[in-house]
Amino acid sequence: MAGGSLLALIDDIASILDDVAAMSKVAAKKTASVLGDDLALNAQQVSGVRADRELPIVWAVAKGSLVNKAILVPLALLISAFIPWAITPLLMIGGAYLCYEGFEKVAHKLMPGNHQEEKKPATAEIKNEADAKKLEKEKVKGAVRTDFILSAEIIVISLGIVSSAPFLNQVTVMVLIAVAMTVGVYGLVGAIVKIDDAGLYLSKLSGESSMMNGVRALGRGIVNAAPWLMKTLSVVGTIAMFLVGGSIISHGLPFMHSLIEPLTHGHESWINTLITGATDLVVGLIVGAAVLALVMLGQKMFGKK
């Protein structure tokens with residue numbers, strides 16, 4: 001009897017772990033679309049600081065990100081436990097914000113005069129250690145605030161996936177996603193902000209062999225490619241915002257299913273994926289434009305605050 005109970009317990013644990021793994025995989029896939037912009041934004045936060053302070057700043061922001069998620073995960077679980085009906089509206093609000101943020105970036109590129117950014121002191125303008133520390137603190141605070149918004153989006157998307165699962169599974173998946181995303185994002189950010197330094201180091205290695213010439217050429221290539229990597233991450237992240245936000249909005253609006261279903265009927269799966277993606281992109285652009293228009297109207301009526 002004891003042996004049978006132990007086997008049953010092991011089987012239950014294995015089933016739970018299997019469910020957790022499956023849900024974690026789906027949640028990671030959904031939230032990964034937010035990471036392109038997350039990576040680009042956080043990597044840009046260390047611009048204008050000394051090279052030896054880049055990794056400490058990334059580490060400070062990573063610790064702030066963990067604090068953000070320590071607040072957001074319990075809050076999300078409380079919502080799931082006591083007001084589960086709020087999950088879909090919260091998802092749609094998060095989706096609308098993603099669309100707005102993406103469209104605001106596009107509008108900023110097309111109409112730079114209407115979206116002026118606050119000027120940050122350049123490295124050359126930093127005259128003493130006190131100014132450098134002040135700039136670092138401002139960058140860390142700004143990055144942690146941005147991370148709170150992006151973390152909230154990740155947590156809410158994950159919550160929508162695990163909302164119908166048992167509470168223990170919800171807790172496990174949410175914690176796994178929170179930790180994995182933090183480690184993954186800021187590990188990659190650390191690598192990205194140091195990739196040009198690595199390339200510069202390789203380009204200055206001494207030696208006359210053909211191998212060393214190749215290593216130096218590789219280093220120069222890395223240095224030249226680093227700015228393009230940042231630009232690519234920013235573009236991919238912006239497109240991902242429209243796709244993810246549009247998908248969330250489409251799934252939250254029942255009439256969208258009846259509109260999309262005739263378009264995807266009778267096609268191969270990859271064609272359906274393209275049609276669905278194109279639809280989500282269009283929805284994301286429309287919603288982003290609408291929210292940005294409302295924000296600009298509100299700024300005119302009530303001021304930028």
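**Notebook: helices, cores and selected residues**

I began with helix α3, for which 24 residues at 1.5 Å a residue should span 34 Å; the end C-alpha atoms of α3 are 35 Å apart, so the two values agree. I note at the outset that the model is predicted.

I then listed the buried residues of α3, which are I87, L91, M92, G94, G95, A96, L98, C99, Y100, E101, G102 and A107. I recalled that an α-helix has 3.6 residues a turn, so residues three or four places apart point the same way.

**Overall fold**

I counted 8 helices and 0 strands in the protein chain. Along the sequence I read the pattern α-α-α-α-α-α-α-α. I found that 36% of the 305 residues of the protein chain count as buried. Of the contacts between residues at least 6 apart in sequence, I noted that 80% join residues at least 24 apart.

**Annotated segments**

I looked up the UniProt record, an unreviewed entry, where the annotation "transmembrane region" covers residues 71-100, 148-167, 173-193, 228-250 and 270-297. I checked two of these segments against the model. Residues 71-100 are 87% helix and 0% strand, with end C-alpha atoms 24 Å apart. Residues 148-167 are 80% helix and 0% strand, and here too I read 24 Å between the end C-alpha atoms.

**Helix α5**

I next examined α5, which runs over residues 167-203 and has 37 residues. From first C-alpha to last, α5 reaches 53 Å, close to the 54 Å expected at 1.5 Å a residue. I also recorded a kink of about 45 degrees in α5, centred on K194.

**Residue K69**

I located K69 in helix α2, residues 54-82. Is K69 buried or exposed? I class K69 as buried, because its relative accessible area is 5%, under the 20% cut-off. I found a polar contact of 3.2 Å between the side chains of K69 and T182. Beyond its neighbours within four places in sequence, K69 is in contact with P74, D147, S151, A178 and T182.

**Nonpolar cores**

I traced the largest nonpolar core to 22 residues, and those with the most contacts inside it are V73, I155 and M174. Which elements give two or more residues to this core? I listed α2, α3 (87-110), α4 (129-162), α5 and α6 (210-252). For I155, with neighbours within four places in sequence left aside, I noted contacts with L72, V73, A76, M174 and A178. I also found a second, separate core of 11 residues, which includes V61, V140, V144 and Y186.

I placed T238 in helix α6. I class T238 as buried, because its relative accessible area is 11%, under the 20% cut-off. Setting aside its neighbours within four places in sequence, I found T238 in contact with G102, K105 and V106.

L243 is also found in helix α6. I class L243 as partly exposed, because its relative accessible area is 33%, which lies between the cut-offs of 20% and 50%. L243 is in contact with G277, D280 and L281, again leaving aside neighbours within four places in sequence. I also compared the position of L243 with that of C99: the two are 144 residues apart in sequence and 8.4 Å apart in space, C-alpha to C-alpha.

Key. Residues numbered from 1 in each chain as written. Predicted model: local features only at pLDDT ≥ 70, side-chain atom pairs only at ≥ 80, totals over all residues. Heavy atoms only, no water. UniProt positions renumbered as here; feature names shortened; annotations may be inferred. Helix = DSSP H or I, 4+ residues; strand = E, 2+ residues; numbered from the N terminus. Buried < 20%, exposed > 50% of the residue type's maximum accessible area, 1.4 Å probe, protein only. Polar contact = N/O pair within 3.5 Å; in protein donor to acceptor, adjacent residues only side chain to side chain. Contact = heavy atoms within 4.5 Å. Expected span 1.5 Å × (residues − 1). Bend = angle between axes of the 7 residues up to and from the residue. Core = buried A, V, L, I, M, F, W, Y, C linked by side-chain atoms within 4.5 Å.
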